[in-house]
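Q: Hey, could you walk me through this structure? I'm new to it.

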Amino acid sequence: MKIAIASGKGGTGKTLVSTNLFNVIRQTGQKTQLIDCDAEEPNVCEFIRGKVEEETLTTTHIPVIDARKCTFCGKCQEYCSYNAIIMLPAIKTIQVVEDLCHDCGACVYACQYDAITEKEKVTGSITQYAIGSNADLLESQTEIGIYSPVPIIGQTINMAEAEALTLLDSPPGTSCPFIATVERADYVVLVTEPTPFGLNDLKLSVETLRRLKKKFGVVINRFGLGKELIEDYLKREGIALLEHIPFDKRIARVYAKGELITEELPEYHDLFGKLYQNIMKQVQA
Amino acid sequence: MKIAITATANNSKAKLDNRFGRCAYFAIYDTELQQTEYHENPAKASAEGAGPASVQFIASKGVNRIISGEFGGKVKDILNGLKIQMVIHGQPDSTIAEIVQQFSKN
């Protein structure tokens, strides 16, 4: 079972929700995993600390073209859907634009002259931390300069254990990194805030999830701030409201210290317990 | 020498297209023949890699210099490697005729 925590707008409280939900669920004895899918700037480790169990490097395959064997037939370029091969027969030049390569292998298959081999390129890393006896944290991280975090996000989620309840802390936005995360989830929790920006990006996220045919519900963070514009929208659209997290300065203080509100403030332990139950009801509905 | 200019349409009154990889047309001016040919950019609607595909296109036409409003990060190294000079034109409202005139004087 995989549950993604996503938001659209950045800074609405995805990591607050995912880390505290993880903390509450693992305390029930359930086998739990938390995956930080925000590979471009992972930050879950600021709140959940554990012992490094394993570090794996993620790689991609990049074609290497031997210009001496190449006959400039153009087959590889024709097979490449990503414009990653530039060929100029007139000046006997053929080259690979590494950032555009999607590691599909079509060029190697296309070449009849054994002119194309592949090299491995490190794209990032996946670090696994043990948290207590029944839980772990997987952190994805891209190397600096890597064009897209999408392959690493997929590789990290593929490491999830089938019998664990796995929480996916999604990257912000509604573009490819978000989709790479939520498309692998059984249920999506959207965290929003009662501001016009929060509502705008919530709508974008909802449209995207509906097209992906995903089940989802909404958590309103910083509740009490601003007007009731989120509730009105949820009612109109018939979207499940999973929980409110109040606008409470103590939350900001605890979060800024890198601590968990479900440890420091007992009433939030209860609130996240209820949130967990509400999510499970929705998942089973 | 052949100079490519990114153009918004296929005639000399057209304005410079500020984008390189996704420009509508390439005006290719031959300084020896003093003639300009217009080619639709085959890469303008590429999902990805419009820049490198545009380089492929103009390089296959034997262009030595390219004039545009801006160049994306991926094409700079490729153009340098192919020894094709990049010129950023500072006046986006210039027409192809004006730019050709400017460069045929030099």
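This is a predicted model: local features need pLDDT of at least 70, side-chain atom pairs count only at pLDDT 80 or more; totals for chains, interfaces and linings use all residues.

Q: Okay, what's the strand order in the open sheet of chain A?
A: The order is β3-β6-β7-β2-β8-β1-β9-β10-β11, nine strands with mixed pairing. Strands here are DSSP runs of E, at least two residues, and helices are runs of H or I, at least four, numbered from the N terminus. Pairing takes at least two DSSP bridges between two strands.

Q: Which are the edge strands?
A: β3 (51–65) and β11 (240–246) of chain A, each pairing on one side only.

Q: And how do β2 and β8 of chain A run?
A: They run parallel, joined by five bridges. A:Thr32 sits opposite A:Leu165 in β8(A).

Q: Switching to helices: at what angle do α1 and α10 of chain A pack?
A: About 85°, with axes 9 Å apart. The axes are lines fitted to C-alpha atoms over the stretch in contact, and angles run from 0 to 180 degrees between N-to-C directions. So α1(A) and α10(A) are roughly perpendicular (65 to 115 degrees).

Q: Last one: how many residues of chain A are in contact with chain B?
A: Eight, and they meet eleven residues of chain B; contact means C-beta atoms, placed from the backbone, within 7 Å.

Key. Residues are numbered from 1 along each chain as its sequence is written. Chains are lettered from A and ligands numbered from 1 in the order in which they are written. Two residues are in contact if their C-beta atoms, placed from the backbone, lie within 7 Å. Angles under 35 degrees count as roughly parallel, over 145 as roughly antiparallel, 65 to 115 as roughly perpendicular and the rest as oblique.
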